[in-house]
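Visitor: I would like a close look at a single part, the strand pairing, and I would like it set into its surroundings. Please take it step by step, with care over what each term covers.

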Amino acid sequence: MGPNGAALKERKSMANRKAEMMLVLGAILSFVGPALNFVKVTYDQSLGLASESQTGYDTGDSSSYLIAGVLAIIALVGVMAAKSGGLRKGMAVLAILGGAFGLLAGFIDITGDVDVPAEVADLVEASTGIGTYVVTLGAILILIGGFMLFKSPVSDAPVTPAAPPTV
């Protein structure tokens, strides 16, 4: 393998590693994020109640993010085992779908209003917690990693040596 072949293989390998790292980081954030504060409820001082926080696991909002993380892990394992470009592209599409699903769920959780009954709306304030932003970032990383995988070439493909000149 000539110097150009080695450099090309190294660039392919680096592009693949970046995409795989994006999937790993996105999956980790998708699994850890729901354990963080998703919703914070602050009561008016006249009620004499302390503020409360709930995680994504407490609120039941964790399943969407766990699915996105699992799809990213499946895509990652598939990419690492893939020998063909077609399978790699299929795993990239799987990661993109997982990231898009997680991003949609994050967008809904961030922009959605927390249900507070009208009778107590003046006494209670509910806000989105840091966990919602963490899982949304994880979904974005999965989505970017999927697109990077889709564009990155297969790293294990042998480089064909140049044919010797004929005389």
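Guide: A word on the terms has to come before the order of the elements: helices are DSSP runs of H or I with at least four residues, strands are runs of E with at least two, and both are numbered from the N terminus. The model is a predicted one, and in it the chain holds five helices and three strands, which follow one another from the N terminus as α-β-β-α-α-α-β-α.

The three strands make up an open sheet with the order S2-S1-S3, and their pairing is antiparallel. Its edge strands are S2, residues 52-55, and S3, residues 124-128, each of which pairs on one side only. From one strand to the next the twist averages 20 degrees. In general terms, the strands of a sheet pair through backbone hydrogen bonds, and they may do so in a parallel or an antiparallel sense.

Strand S1, residues 37-43, can be followed towards each of its partners in turn. With S3 it pairs in the antiparallel sense over five bridges; within this pairing, Val39 has Thr128 of S3 as its bridge partner, and Val41 stands opposite Ala126 of S3. With S2, S1 is joined by four bridges, and these two strands again run antiparallel; here the bridge partner of Lys40 is Ser53 in S2.

The sheet also has a helix against it, for H5 lies across S1 and S3 and runs at about 160 degrees to S1. Thr132 is placed in this helix, H5, and Thr132 counts as buried because its relative accessibility is 1%, where buried means under 20%. Apart from its neighbours within four places in sequence, Thr132 is in contact with Asn37, Phe38, Gly106, Asp109 and Ile110, and Asn37 and Phe38 fall within the stretch 37-43 that forms S1.

Phe31 lies in H1, and with a relative accessibility of 32% Phe31 counts as partly exposed.

Helix H1 holds Asn16 too, and Asn16 is buried, since its relative accessible area is 3%. Although Asn16 and Met80 are 64 residues apart in sequence, their C-alpha atoms are 9.5 Å apart in space.

The wider setting can be given for the chain as a whole. Of its 167 residues, 33% count as buried, and the chain exposes about 9800 Å², of which carbon and sulfur atoms supply 66%. Among the contacts between residues at least 6 apart in sequence, 74% join residues at least 24 apart.

To return to the part you asked about, the picture is that of an open antiparallel sheet in the order S2-S1-S3, with H5 lying across S1 and S3.

Note on methods. Residues numbered from 1 in each chain as written. Predicted model: local features only at pLDDT ≥ 70, side-chain atom pairs only at ≥ 80, totals over all residues. Heavy atoms only, no water. Buried < 20%, exposed > 50% of the residue type's maximum accessible area, 1.4 Å probe, protein only. Contact = heavy atoms within 4.5 Å. Areas by Shrake-Rupley, 256 points an atom, 1.4 Å probe, with all protein chains shown as cover. Pairing = 2+ DSSP bridges. Axes fitted to C-alpha atoms, helices over the stretch in contact; angles between N-to-C directions.
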